[in-house]
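Please take a moment with the sequence and the structure shown below, and then follow the paragraphs that lead through some of the contacts in the chain.

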Amino acid sequence: MFASFSAWSLRGRGPVRLTAGAVVCGLAVTGVMVAGAGPAVADEATPREGGATATIGGLKTFGAAVIRMDSGDQQVSAGLFEMSVDGGGMLQTYCVDIHTPTQKDAKYHEAPWSSTSLGVNDDAGRIRWILQNSYPQVNDLAALAKKAGVRGALTEQDAAAGTQVAIWRYADDVTVDAVDPQAEQLADYLEKSARDLTEPRASLTLDPPAVSGRPGERVGPVTVRTDARSVTVAPQANAARDEVRLVDKNGEPVTEAVNGSQVFFDVPEDAAPGTARLTAQASTTVPVGRAFASESRSQTQILAGSSESTVSATASATWADEGALPAVSARENCAKGGVDITASNRGDAPFTFEVVGQKHTVAAGASRTVTVPLSEDTPYDFTVTGSDGFEQRFTGMLDCLTRAAETGTTAQTYHAPSPTPLGGAPADNTNLAATGSSSATPWIAGTAIGLVVLGGAGLVIARRRETPPGD
């Protein structure tokens, strides 16, 4: 049972461990997936730093809380969510957007704070402190209660609810209280004691995610960044061609790497212009405090605990005999309200590219980053096109603001019980947290998102606001 996880066992020192989290290494392979000769054309990509991807289940350990609003008090469930990791592993998370719907079985991916509302929240570091100094990282509830000055016994439900309430106070700038006195005392202690901590590193990244060079060269390097003991590097797909290999700086074939390892694409001198990709995969515990962003409109989560879990990252290489040598990557940037497109050019001629109707030129040997402004909570789908037939497509959804900051009003969570008036019975533990006041709102919210998905991802280049609101 996931509830049996503790901070001790999650760090890998105890006997409790999920065997499903073991890395799937498979056979060692040195080939690389290679695109056919001709212009560089990249497949559809979602800006992603790398790390774990997971599916959210529901609230597993929780109590009750009350949101104080001008329209009246609303009781909600508050506590730990459970997420299952693709490839093996389990995560425990708290949410950082109290008014945003949580979709059951929504897909999530590990993300930097800068790609979520945490990136524009000056108190994000305090939230990480709360996570490291409360349940489940601290699973000696008697000791936690004593340190927090809690009067009476502190249950797991109280600990989870109190921790979530303290996080909401910093994440959402709302007035929210735990219903249980012990949970409320813990929330007050955590809120008052929180100190600013730095953002944790990603569980696995490849830096940079895109490189370029000439045939006959070792194209790269791509540097592995991870806390995992070892990382498997291999083609992204089975359709590999032997003439392009993954090697180290000495030209020796590479199938495994560690933190700081440099991996190169060894491209034969007679190779036609093309592209190649690699995938890195490892098994590790994801650092507490990492953000998890949804691939649909579902509330952002922040990591409270991790079993040994499968994590992955990808990188690509492009090469040509002459002219420009572009390498293009993207990253969501909530501080700027858009997606940063970074283009580097290792060629001997300028690289001119166009995105959403704007042309930009990168000189030979230089790099440039431009921001594509986007509307909040709106799917985007755009293609970077360049000289010599270069094309690279990016899709996703910008989710940078909490719902309270976005609208100043509340919204109801769907796939969840309706909120109960203050004093009513808390929701049962088979559903996700609920906020709001109208029983019709879940259907409306769910239908609206469904229509967006059915209608396809539309590019929106006008932002709803000039700058995201502060805390």
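With which residue does Glu308 form a salt bridge? The partner is Arg229, and the closest N and O atoms of the two are 3.6 Å apart, where a salt bridge is a side-chain nitrogen of Lys or Arg within 4 Å of a carboxyl oxygen of Asp or Glu. Before going on, please note that this is a predicted model, in which local features need pLDDT of at least 70 and side-chain atom pairs count only at pLDDT 80 or more, while totals for chains, interfaces and linings use all residues. Residues are numbered from 1 along each chain as its sequence is written, and side-chain values use heavy atoms, with hydrogens and water left out.

Side chains of opposite charge can pair when their charged atoms come close. Glu308 sits in the loop between strand S17 (301-306) and strand S18 (309-319), and Arg229 in the loop between strand S10 (218-226) and strand S11 (231-235), so that the pair links distant parts of the chain, 79 residues apart; helices (H or I, at least four residues) and strands (E, at least two) are DSSP runs, numbered from the N terminus. Glu308 counts as buried because its relative accessibility is 11%, whereas Arg229, at 69%, counts as exposed; buried means under 20% relative accessible area, exposed over 50%, and partly exposed in between, with a 1.4 Å probe and protein chains only.

A search of the whole structure finds 15 salt bridges. One of them joins Arg68 and Asp177, whose closest N and O atoms are 3.0 Å apart. This pair, too, links distant parts of the chain, with Arg68 in the loop between S3 and strand S4 (74-85) and Asp177 in strand S7 (residues 176-178), 109 residues apart. Arg68 has a relative accessibility of 34% and therefore counts as partly exposed. In another salt bridge, the side chains of Arg245 and Asp266 meet at 2.9 Å, N to O, and they connect strand S12 (residues 240-247) with strand S14 (residues 262-266).

A link of another kind is the disulfide, a pair of cysteine sulfur atoms within 2.5 Å, and the structure holds one. Cys334 and Cys400 form this disulfide, with their sulfur atoms 2.1 Å apart. Cys334 lies in the loop between strand S19 (326-333) and strand S20 (338-345), and Cys400 in the loop between strand S25 (391-397) and helix H6 (403-407), so the pair ties together parts that are 66 residues apart in sequence. Both cysteines, Cys334 and Cys400, are buried.
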